[in-house]
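Work through the exercises below with the model open. Try each task before reading its solution.

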Amino acid sequence: MQDIAKEFSRLGQLLDVAGLRQRVVAGNMANANTPGFKRMEVRFEDALAEAIQSGRSGAAVEAEVVEDTESPAGPDGNNVALESELVDLNKNTLLYQTLAQVATTKASLLRSAISGR
């Protein structure tokens, strides 16, 4: 039963990160024409993979919102590229929908196992 709780906890964590990423991308898009605005990004997956590979629990890994310092800025100092943000938004939406479907399926299987059907 503890494994099931860990799975749901991990799924919840991943859904939270996807929700955070959605808000960050939306903020980037909203500021696409703001002079001097630097796009933000969410860093999580690399830290999670590192924790898992090193044998630590991924539960302690936190998502981090950081300023993107690598993307080139335009003449006004803004480094938001709407095309890239739309790609990120679509990828994140698919990820969120997939994670939500996995959580729904797991919950349904658990309900079936409990009720004996």
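**Exercise 1.** Which residue forms a salt bridge with Asp 88, and how far apart are the closest N and O atoms?

Solution. This is a predicted model: local features need pLDDT of at least 70, side-chain atom pairs count only at pLDDT 80 or more, and totals for chains, interfaces and linings use all residues. Residues are numbered from 1 along each chain as its sequence is written, and side-chain values use heavy atoms, without hydrogens and water.

- Apply the salt bridge rule: a side-chain nitrogen of Lys or Arg within 4 Å of a carboxyl oxygen of Asp or Glu.
- The partner is Arg 39, with the closest N and O atoms 3.4 Å apart.
- Arg 39 sits in the loop between H1 and E1 and Asp 88 in helix H3, so the pair ties together parts 49 residues apart in sequence.

**Exercise 2.** Find the salt bridge between Arg 39 and Glu 85, then classify both residues as buried or exposed.

Solution. 

- The N to O distance is 2.6 Å.
- Use the classes: buried is under 20% relative accessible area, exposed over 50%, partly exposed in between (1.4 Å probe, protein chains only).
- Arg 39 is buried at 10%.
- Glu 85 is buried at 0%.

Technical notes:
Helices (H or I, at least four residues) and strands (E, at least two) are DSSP runs, numbered from the N terminus.
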